[in-house]
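Please open the structure in your viewer and keep the selection panel at hand.

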Amino acid sequence: MKAIEDLGYSKEECRIINLVRIHQQVLFESDIFEADGQKLDSSYLSKRPRGEKWSTVLFPSTKVQPNHFTLWQSALQQLAPGGRRPRRLGKMTHESHKIWPWRLLDNHGALVRQMGDNVDVYKLCNTNGRRSRNKLYELDETIEDAQIQGRICSVTLDDRSRAKISSITNPPPSVDDPSNFLDVLKEWGHTWIWHDLQISNGSGKGVNLRLQGTDEWIYSAIQNGTLIAVSDGSYIREWHPELCSAAMIMECQQSKNRIVVPMAEHCLQANAYRGELIGLMAIHLLLLSFNRVRPDLTGSVHIYSDCLGALHKVEHLPPRRIPSRCRHSDVLKTIMLNCSDLTFKRLFSHVKAHQEDSEEWSKLERESQLNCGCDLAAKDQLLGIDLSDIPRQKQFPLEAAALFVGGHKVTTDSGPVIRYEAQMKEARAVFHERKVLMGEAFDEVAWKDVHRTLHSVPKMFQIFACKQVFDVSATFDNLKKRNKENNPSALCPSCGICKEKGAHILLCPEEGRVEALGKLSHRLAVNMVELGTDRDLVFLMLQYIRCRGTMSMEDICRERSLPEAFLPFARSQDTIGWRRFLEGMVSKRLPDLARDLDAEGDIPNIAKWMESLITNLLEVTHGMWIYRNVVVHDELEGVYAVQGRERLQRAIEEQQELGDEGLGEEDKWLLEVNLADLDSTSGEREAYWVLAVEMARKKFEIRQRDRVTASSAIDTNEEG
């Protein structure tokens, strides 16, 4: 309960209180108060007896320790100091999940108590002038198989089991019975799914259509077993990877009256199977609405689908719980929780799909014809969506609870979705702290496409991209900071002007690097043209890369008189920046622009197209690093090779200046070895020569020292 959260308890204390709340079968703050909405119901201060139900809602079992109730009681007493709420709750407006077993029958002067299927009747005792609010009632009789009505009471029992009314209130106002199934659909809310509903004897669409006559034909068809319901789903990944649709048709085989409902949904987990399930769910919700109008309706409905998996799943749903990792559990839970107790039978059958491709229409069974109609209606619904204004995902009718993360409903295992959103929030803070991207720029990036792309490339390439973005690669500037002895300078090895940092790898003005960037960007342009990209869009990206950050994308659009449709993307990409563009951080406005420019359908899958573009951009950056590493590490021309040859040349000259001094007669031939020009060789042979000469001099030095030592020893012995 939010009221308890607001009391300031710690996270662990809230966890304990929540365990007790579940055990006590409490959902709302009003549950812990008596009928008057002000007095604290003392029964909630004690542990609910095993097997006793205080709610119509099915709660999970919990293990509650005795000390947990001390914390629970403290929380309730803070909500109701002295046992009373500071402000009385309002009147009851809806039926509550809380079970109120006591009712007062004013007309009979009796107090009744519901005990399972039986009712205990309490009669008024001889009060002897006792005030009405202190009247006592004694058990008079028990009536079997009865239900109670009357004013809702909270009651206390004395030591003689006599009942006294503690507080009383009027029950919520009764709701008028619906006149037709459309009233039921309106009452449930979330009517988006019925937006295009049509019925044979009605004019207009949706839940507000006008019935011309009654809907009696529906109930007659169910009673006679002549109502069939057919559904089909549709999914076209090339059209949009996050859209699926469904359509269902109900028809009376005798009167030929029918109900048609096409619908489409925007969902991250969209696929053809989900479309099939949504169609079956729509059938069941309509059947439930019929049952609400006629609670005693009997008969049967025959349900057809061309998806055996979806049909079997719905027909054999578990009675209470959908497994936590089950895909599309939101659809299955809606059917399981609401449509498992229909008063008429449901028969399930499979129908082959697309039979019109091989058989004449007139030769098809009626259910097959209706399935073909559903397939066409579902596709029309999907292709009729304006992709520039896709509606947000919404709850289904009667969906008890839904978890939305980042504006999208979690329809299966919530772990990956929640982790992604949590990591996005953490990344936004890190990028801001490290000055990689500020908040506004971060929000402009198509992160889902970047995330999907990075998970499709090798692990080492992911590490390279991360090191480049956060500027932790082995640039000379970073190596200088780490005090690497063989990197005395932090300057760029190519231009020798600027410090070599991650950004400079892409921006170095040295002629070779500029030429390399041009060739790499040309290869990117060729690849994107092969993928069906609009030529103007390719030109814009190519020019933007080759300007090397000296010109904004918006200025390029205006200078080259590109269409106005390019400007939102250009401004967004300018906010992100040129360097980040080459690091794969493209604008979230690019997919819509590419889709709008693709009039001939050359790009079958925008998501795959975005992956290709981001990969190509990262390959441009990787290519610039390859060029830099060749400059630094090439065995002949690399910076390290040149530095090594310079050190080697100095060592050779030092040895040559020393001449044969310090060399034995047997080693003087080393000075006669012809050494090659170091500019045309790796220097490996020359390095061995220097090492050999140094070792020869060392050997001669040791030999001379040993001779001196031996001579001294001989002189000492002779003197002795």
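In which loop is the place of phenylalanine 28? Select phenylalanine 28: it is in the loop between helix H2 (11-23) and helix H3 (66-79). Helices (H or I, at least four residues) and strands (E, at least two) are DSSP runs, numbered from the N terminus.

Two remarks on conventions apply throughout. The model is predicted, so local features need pLDDT of at least 70 and side-chain atom pairs count only at pLDDT 80 or more, whereas totals for chains, interfaces and linings use all residues. Residues are numbered from 1 along each chain as its sequence is written, and side-chain values use heavy atoms, with hydrogens and water left out.

Serine 30 is partly exposed, with a relative accessible area of 36%; buried means under 20%, exposed over 50%, and partly exposed in between (1.4 Å probe, protein chains only). From the C-alpha of serine 30 to that of lysine 409 the distance is 29 Å, the two residues being 379 apart in sequence.

A salt bridge is a side-chain nitrogen of Lys or Arg within 4 Å of a carboxyl oxygen of Asp or Glu. By this rule the count comes to 30 salt bridges.

Then move to helix H5 (residues 216-224), where Trp217, Ile218, Tyr219, Ala221 and Ile222 are buried. Just after H5 comes glycine 225, with a positive phi of about 70°.

Select residues 415-433, the 19 residues of helix H10.

Which residues of H10 are buried? They are Gly415, Val417, Tyr420 and Phe431. These residues cover an arc of only 165° around the axis, which puts them on the same side of H10; the arc is that of the directions from the helix axis to the C-beta atoms. Their packing partners are strand S15 (404-405), helix H11 (439-443), helix H12 (447-454) and helix H13 (459-469). The face of H10 turned away from this buried side carries the exposed residues Lys425, Glu426 and Glu433. After H10, select lysine 435, whose phi is positive, near 60°.

Select arginine 452 and glutamate 611, whose side chains meet in a salt bridge (3.0 Å, N to O). Glutamate 611 lies in helix H22 (residues 606-633) and arginine 452 in helix H12, so the pair ties together parts that are 159 residues apart in sequence. Glutamate 611 counts as buried at 12% relative accessibility, while arginine 452 is partly exposed at 31%.

Now select glutamate 500 and arginine 628; their closest N and O atoms are 2.7 Å apart in a salt bridge. Arginine 628 lies in helix H22 and glutamate 500 in the loop between H14 and H15, so this pair ties together parts that are 128 residues apart in sequence. Both residues, arginine 628 and glutamate 500, are buried.

Glutamate 500 also forms a salt bridge with arginine 513 (4.0 Å, N to O). Arginine 513 is in helix H16 (residues 511-530), 13 residues apart from glutamate 500. Arginine 513, like glutamate 500, is buried.

Select threonine 475, in the loop between H13 and H14. Threonine 475 counts as buried at 0% relative accessibility. Leaving aside neighbours within four places in sequence, threonine 475 is in contact (heavy atoms within 4.5 Å) with Glu500, Lys501, Gly502, Trp625 and Arg628.

Finally, select aspartate 598, in the loop between helix H21 (590-597) and H22. Aspartate 598 is buried, with a relative accessible area of 14%. Apart from neighbours within four places in sequence, aspartate 598 is in contact with Gly532 and Ile603.

How values were computed: The expected span of a helix is 1.5 Å times one less than its number of residues.
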